Amino acid sequence: MELLLQQLTDGIAWGALYGALALSLVLVYRASGIVNFAQGEMAMFSAFGSWQFYQWGLPLITAISVSMALAFIAGMLIERTLIRPLANSSHLTLIIITLGIMLVINAGAAWIWGHDARLYPVISEGDPVSIWTAVISRQALTIVGAVVLVALLLYVLFQHTRTGLHIRAAVSNSVSARLLAIPVNRMLALSWGLAAAIGALVASLAAPQLVLQPSMFSATLIYAFAAAILGGLTSPIGALVGGLIVGISENLAGTYLPGIGNDFKQAIALAIIMAVLFLRPEGLFGTREVVRV
């Protein structure tokens, strides 16, 4: 029972990380109709940025905040310069563009900082916190708290602010939104910026556990994709719920399923992706697309 509770606790902590990355994928998908394969590399580059600002003498919280602000601007610029001019192209073209962005960012990070792993400072130091018979690090608790805070802020943004309502309108029906004088292009760029800023925050918080290096999100992004597909690529809430399910599932599978272990847990994420695509392509919280014939 103690082992089960510990695995559930660890699964929730990692699931919050997967859910936050999945949330950034969902924001981009809702804005542009594509899966941004460069999301992990954008987050990784931002984590390197916050680490560099910290090395230059900024307090860690300030360094992360500056990195998030720069990531927000970079996300908007990527949408404006690379995605929007090809908005009417095929999905394959846009996917190839995001793959190209991923390769360029990864190579750029390696060129600037090298391939060696860097130690990233933790925000929350101290002894682990006991939860019944399980323990969880303070850094993991910080990640969970940050994800909950981001979810609440996004809820307030989308439900109770004019800008949030404009983003929802632009994503749902861009033609009608333009007729209502809503600046659709600006709203779509804001979605990319928000996704990039969330990725920057998550990467900076996760870097102490994942170890800061250009390939830090190569495996984690697979779990984020699984979470986004499981929850539904059109549902921000689904992304967070999907992240928790994936985090708990891969932890339990690695512990209790023979032959899986820690080295083969990615197979669980791939199995979840395949199962959802076969059984419920729209995901748990996604909406089924209705096409008239």
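The model is predicted. Its largest nonpolar core comprises 79 residues, and its largest pocket has a volume of about 570 Å³. The second largest pocket has a volume of about 400 Å³.

**Nonpolar core**

- Within the largest nonpolar core, the residues that touch the most other members are L212, F217 and V246.
- The greatest contribution to this core comes from helix α8 (residues 184-210), which supplies 17 residues.
- Beyond its neighbours within four places in sequence, L212 is in contact with A47, F48, W51, D116, A117, R118, Y120 and A207.

**Largest pocket**

- A total of 22 residues line the largest pocket, and R30, A31, S32, G33 and V171 lie nearest its centre.
- At least two lining residues come from each of α1 (2-32), α3 (60-83), α6 (162-172), α7 (174-179) and α8.
- Helix α1 gives the most to this lining, with four residues.
- The lining of the largest pocket consists of nine nonpolar, eight polar and five charged residues.

**Second largest pocket**

- The second largest pocket is lined by 17 residues, of which Y155, F158, Q159, P236 and I237 are the closest to its centre.
- Helices α1, α5 (138-160), α6 and α10 (236-256) each provide at least two residues of this lining.
- Helix α5 makes the greatest contribution to the lining of the second largest pocket, with six residues.
- By class, this lining contains 12 nonpolar, three polar and two charged residues.

Note on methods:
Residues are numbered from 1 along each chain as its sequence is written. This is a predicted model: local features need pLDDT of at least 70, side-chain atom pairs count only at pLDDT 80 or more; totals for chains, interfaces and linings use all residues. Side-chain values use heavy atoms; hydrogens and water are left out. A nonpolar core is a set of buried Ala, Val, Leu, Ile, Met, Phe, Trp, Tyr and Cys residues joined through side-chain atoms within 4.5 Å. Buried means under 20% relative accessible area, exposed over 50%, partly exposed in between (1.4 Å probe, protein chains only). Contact means heavy atoms within 4.5 Å. On a 1 Å grid over the protein atoms alone, a cavity is a set of points where a 1.4 Å probe fits but cannot get out, and a pocket is an open set with protein on both sides within 12 Å along at least five of seven lines; lining residues have an atom within 4 Å of a point. Grid points are joined across faces, edges and corners, and a volume is the space filled by probe spheres set on the points. Ala, Val, Leu, Ile, Met, Phe, Trp, Tyr, Cys and Pro count as nonpolar, Asp, Glu, Lys and Arg as charged, and the others, Gly among them, as polar.
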